Amino acid sequence: MTKLMLSGTYDLPNAALESTSVVTNTTPIVAYRGAGRPEAAAAIERAVDLFAAEIGMDPVEVRRRNLVAPDRFPYRNATGTVYDSGQYEAALDLVLEAAGYEQLRDEQRARRERGDAVQLGIGLAVYVEVTAGGGGTELGHVEVRPDGTVRVLTGTTPYGQGHRTAWAMLVADRLGVPMEDIEVVYGNTDTVERGSITGGSRSLQLGGTNVWRAAGVVLDQAKALAARMLEADVDDVVMTDGRFHVAGTPAISFGWADLAQAAAEDGATLAGEGDFTQAGGTYPSGAHLAVVDVDTETGKVVLRRLVAVDDAGRILNPLLAEGQVHGGLGQGAAQALLEEVIYDEDGNPLTANFADYGVISATELPSFETVHLVTESPANELGAKGIGESGTIGATPAVQNAVVDAVAHLGVRHIDLPCTSERVRRAIHGG
């Protein structure tokens, strides 16, 4: 995954990756939220900041000159990955405006001129990631019961993402049925015949699209049945607020219960299944900006602000999407500042419990500032991309870049993750 995303959001003609596999009984990292994409983003975003420092150019300008232009999509990057859509410069502009970038730089200059002990750091990351990597499909089945209520079967199994609400929204929108009359069933092998992993930020674009398509099949069935009952041409039948009638004559109409009962009398059901298979992944993107205070005497880092612009295509439920972003930002900041598995020289774990292992809490986090940018994906008819992991991919390098930026005027070029007080103080004072 790191190799696929190695060149990030930049129009780089060449990229190469060398890796070494090591057999060890220690486990410093496993597949984590973002799995490979945060590593790629960290590598390229640190490289851009280092290059900017080397040539004496604002890191914003370096990014702006090298971002993939919106008219280049679909864009094949230097390692052969094809990005579906994106507005990388627009995301950068939005995050700079939301954060007040120029005012932040003014504050930073003032602190440096005064020689304050606590210095300000500003860190940027413009990221792209892949969701539903490789594409695929997922079960989506919709059935109208004789009482007019709807049952949805989905192969996706949520563990906090809110699929039950989101899939009900899709069906309610397409069929005109109140959400309280829609039952979403998942994880029950007696009724759900197949399903795949809920991972890789894939569920809406695969499972959601097939639920949407299944509802469309049912809608077509209902229109055909209503046309027969109304003795009309199917093209003249419309649905208004969940009732079917001939266009222009709503006085005579049939609801979902009427149609389901009529179908049952014919030995049939109003039921359908989605048949969508996505050919490949989608590529969410965005820009994150972190603001930190760094105590140059102790090395202590305080995350003051984290501003995030995320583009996940069409957003189905803003509240659910916002929750996903918030969780990712918290995890990304934790990786940048705290989380580390440490072993002694004999391989014994020294961070084996939550007293020794740094876990982030509300105490260490600011209130997040979020902006949504919408660039629809052509890969599915919902125009959706994943959003479950985006926060971890942009936040980590943004926070790391901010910490380094705070002490760059003292000759510091780089600080390894996590940017703990000890590491920061050693980078400033040596030792």
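Is Tyr283 buried or exposed, and what is its relative accessible area? In this predicted model, in which local features need pLDDT of at least 70, side-chain atom pairs count only at pLDDT 80 or more, and totals for chains, interfaces and linings use all residues, Tyr283 is buried, with a relative accessible area of 8% (buried means under 20% relative accessible area, exposed over 50% and partly exposed in between, with a 1.4 Å probe and protein chains only). Residues are numbered from 1 along each chain as its sequence is written, and side-chain values use heavy atoms, with hydrogens and water left out.

Four aromatic pairs are present in the structure, where rings of Phe, Tyr and Trp (its six-membered ring) pair if their centres lie within 6.5 Å, and planes under 30 degrees apart count as stacked, over 60 as edge-to-face and the rest as tilted. One of them is the tilted pair of Tyr83 and Tyr283, at 5.3 Å centre to centre with 40 degrees between the planes. This pair links distant parts of the chain, 200 residues apart, with Tyr83 in strand 2 (residues 82-83) and Tyr283 in the loop between strand 10 (270-273) and strand 11 (285-295); helices (H or I, at least four residues) and strands (E, at least two) are DSSP runs, numbered from the N terminus. Tyr83 is buried, with a relative accessible area of 0%. Phe244 and Trp256 form an edge-to-face pair, 5.1 Å centre to centre and 85 degrees between the planes, which links strand 8 (residues 243-246), holding Phe244, to helix 7 (residues 256-265), holding Trp256. Both Phe244 and Trp256 are buried. Tyr75, Tyr83 and Tyr283 form one aromatic cluster.

Two cis peptide bonds are described here. Phe73 and Pro74 are joined by a cis bond with omega of about 0 degrees, Pro74 being found in the loop between helix 2 (59-66) and strand 1 (75-76). The bond from Leu417 to Pro418 is likewise cis, with omega near -10 degrees, and Pro418 is found in the loop between helix 9 and helix 10 (421-429).
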